[in-house]
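Please keep the sequence and the coordinates open while reading.

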Amino acid sequence: MTTATSYMLEVKDIHATIGESEDLTQILKGINLSVKAGEVHAIMGPNGSGKSTLSKVIAGHPDFKVSKGEVLFNGENILELEADERSRKGIFLGFQYPVEIPGVNNAEFLRMAYNQRRKAEGKEEADPLDFEEILDSKMKALDMDSRYKERSINEGFSGGEKKRNEILQMAILDPALAILDETDSGLDVDALKVVAGGINRLRGPGKAIVLITHYQRLLDYVQPDVVHVLSGGRIVKTGGKDLALEVEKQGYDWLVK
Amino acid sequence: MENAANKNPIPAPADATFAPTAPVPGAPAGAVAPGLAGEEYKYGFTTQVEMETFGKGLSEDVIRAISRKKNEPPFLLDFRLKAYKKWLTMQEPNWAHVKYPAINYQDIVYFAEPKKRPTLTGLDEVDPEILKTFEKLGIPLDEQKRLSNVAVDAVFDSVSVATTHKKKLMESGVIFCSISEAVHEYPELIEEYLGSVVPVADNFYAALNSAVFTDGSFVYIPPGTKCPMELSTYFRINTEESGQFERTLIICAEGSYVSYLEGCTAPKFDTNQLHAAVVELVTLDNAEIKYSTVQNWYSGDPQTGKGGIYNFVTKRGKCLGKKSKISWTQVETGSAITWKYPSCILVGDESVGEFYSVALTAGHMQADTGSKMIHLGKNTKSSIISKGIASDFSSNAYRGLVRIAKNATGARNYSQCDSMLVGHNSSAHTFPYIETGNAGSQVEHEASTSKISEDQLFYFQSRGIPREEAISMIVNGFCKDVFNQLPMEFAVEAQKLLSLKLENSVG
Ligand SMILES: Nc1ncnc2c1ncn2[C@@H]1O[C@H](COP(=O)(O)OP(=O)(O)OP(=O)(O)O)[C@@H](O)[C@H]1O
Ligand SMILES: [Mg+2]
């Protein structure tokens, strides 16, 4: 291991639980993960192994309690920070199941998020017209119809539309670290290409991307540098991009004792 | 509050009781010394003005004194006395879903007015402190500073202190003045319509108001006239022991239209103040009144629930004419207790009643609010859209009645009552009553209760939006259908108010 600062994200021996007293369940049982700027990591693993939980612990979901370990972002322990503070530092989570928010306009929400980020960077808020331009160009790049601006956040969106909306939010916020939880699930072939294009546009020397996925097909478009397999709340195997191909062929049985 | 006038709970009847009161309780010594007016402002947000008030208490003599003080015609004194006699026989309603200690009606001041009254010619005679108060509240009364498209009647404690843009309105025949002035200038209209929508004995608080009301606004829109600007009344309670009993009457003659806005605030006191207003609206054939309220009376200490306004108000409109329309929009964000059911009596055939409401309760507030739609005419239509938000330890109830009379064939109603809970200690209730007297009518009722979920808040937060702002965005989104009904300026103010109120609520 090199010095802490050379990694953008360091997850160290994270143990996480959900629930209280009798209902308490241990989900993550000592996860270690180190991601450098410029890298793309993929996390695979059976259903219920803890992938989404890991992503939410990093992003700061208050339902999950960290009983042991730490999460460093650019060398700073972020576990005490609220989710919105972590986001403003440059962490983005693309949800496996984006939640619907009736009554709140999608474009307004995006502008609000964008301006929060700008404020945190000490920049002036964008005026609505300037933001509209930015939004329009990002939507065009993701082949999204402008009527999604007027709709309530994710309300009545199809599964694929929700995922595309997540990538739109990522493009607007331009995070340093993007954790994308099964953003490829539920996408048709064309949508997959569009979404992969969005991810590749983010990719760059100052950025890190963690892709949680069940399928090789996304990794065909976005080639990972490192692949991890998570099972039973632990990372049981780490390898290169060939590991994903092996999982695709053989499943997880050979990895899970 | 132990000043001489208050020791005797029932004041002497003579005019001798019109002693100038001491400064508002808690005011720094010397605050009202004459000649120091300019210096008084550093002392917080209770305005120090020289007031004339009656001692506490209510009796026939007090009512006669109010009437005499205002130099009223005999019909109005009769109206008041009739109401008072009824009130003495009535019981305070106890069916509302609210709790509060018994009110001692002898412990209230029924008349308080600033010593310096306005004249008809302008604002010169108004106590400059009052002008400053309204300016501070964002309601400058100086016509030069006013938005040119809104006329304001400013009511300070019991009395209308100024009405702007009167001349300009007069050019189109629109009458907009204080009700006291209308009693003298247009007694026939007052005699015909006062109490025609809310009879003196309608309910306990309305009877009390009819007996002791001191001021309020009067509007008359002549036939075929669209009022050239928005009219508004701004109510300010300032004196700690006084009740506010204002009375508003709006008449829209055939084919006329007016949009009327009402705003309210009060300073913080540890005690409760009673606000028992009556508002009556009348529309003749093809006329329309759009009545909007943003109510932000002091709601008491958010932690202890101490203090705040008891807002016990009767608001009712009568669509007398064919194809006439009355539309109520209310945003209720204040008051310790709200008891309020703006209603429509749809008399004229094809008349339309609407009620759009946002009621937010926070801290220890309690609200029991809703609407009544009484369908008497044929093919009458009504709709009710109610959004209740309860946070902290508050309780929020919707109560509504839709009644379709036997002869009201083809009547239709649509009601939608949605509640949203914020946090774990608040409660929401819905009490809809439907009475249909004929089979040819159609009544639809929808209701829902939702809660802001942790996952929704996390979604916002994961995009960098703080929790409080997320709550306020979700709540504002929930209320959108109602805000859309408000005039632009008011909609913005209403949204800000909600956000402010929710700021300290736990998610
Ligand atoms: N809110 C919750 N309450 C109770 N149990 C939970 C909660 N969230 C997750 N779990 C449990 O934690 C375990 C890990 O769930 P998680 O969603 O992290 O799995 P995953 O690896 O993302 O699975 P999938 O591939 O199906 O998305 C599962 O057994 C799940 O049931
Ligand atoms: Mg998952």
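Just after helix α1 of chain A, G60(A) takes a positive phi of about 100°. This is a predicted model, in which local features need pLDDT of at least 70 and side-chain atom pairs count only at pLDDT 80 or more, while totals for chains, interfaces and linings use all residues. Residues are numbered from 1 along each chain as its sequence is written, chains are lettered from A and ligands numbered from 1 in the order in which they are written, and side-chain values use heavy atoms, with hydrogens and water left out.

Helix α1(A) itself spans residues 51-59, and eight of its nine residues are buried. Buried means under 20% relative accessible area, exposed over 50% and partly exposed in between, with a 1.4 Å probe and protein chains only. Helices (H or I, at least four residues) and strands (E, at least two) are DSSP runs, numbered from the N terminus. The buried residues of α1(A) are K51(A), S52(A), T53(A), L54(A), S55(A), V57(A), I58(A) and A59(A).

Some of these names return at ligand 1. Of the 14 residues around ligand 1 (a heavy atom within 4 Å), G48(A), G50(A), K51(A), S52(A) and T53(A) come nearest. A polar backbone atom of G50(A) is 2.9 Å from an oxygen atom of ligand 1. For K51(A), an N or O atom in the side chain lies 2.8 Å from a ligand oxygen, and for H214(A) a polar side-chain atom is 3.0 Å from an oxygen atom of the ligand.

L54(A) leads on to the nonpolar cores. A nonpolar core is a set of buried Ala, Val, Leu, Ile, Met, Phe, Trp, Tyr and Cys residues joined through side-chain atoms within 4.5 Å. The largest one has 110 residues, and those with the most contacts inside it are L54(A), L177(A), I199(A), L211(A), I389(B), F460(B) and V475(B). A second, separate core of 59 residues includes F54(B), Y84(B), A96(B) and V198(B). In soluble globular proteins, nonpolar side chains tend to be buried together. Which residues touch I199(A), leaving aside its neighbours within four places in sequence? With contact meaning heavy atoms within 4.5 Å, they are I167(A), M170(A), L180(A), I209(A), L211(A), L218(A) and V222(A).

Chain B has 12 helices and 23 strands, and buried residues make up 60% of its 507 residues. Among its contacts between residues at least 6 apart in sequence, 82% join residues at least 24 apart. In helix α2(B), residues 60-69, the buried positions include V62(B), I63(B) and I66(B). Helices α3 (74-89) and α8 of chain B are among the elements that cover them. Just after α2(B), N71(B) takes a positive phi of about 55°.

Rings of Phe, Tyr and Trp (its six-membered ring) pair if their centres lie within 6.5 Å, with planes under 30 degrees apart counted as stacked, over 60 as edge-to-face and the rest as tilted. The structure holds 24 such pairs over all chains. The rings of Y205(B) and W339(B) have centres 4.9 Å apart and planes at 75°, so this pair is edge-to-face. Y205(B) sits in α8 and W339(B) in strand β15, 134 residues apart. Y205(B) is buried at 2% relative accessibility, and W339(B) is buried at 6%.

Definitions and conventions: A polar contact is a pair of N or O atoms within 3.5 Å; within protein, one must be able to donate a hydrogen and the other to accept it, and residues adjacent in sequence count only if both atoms are side-chain atoms.
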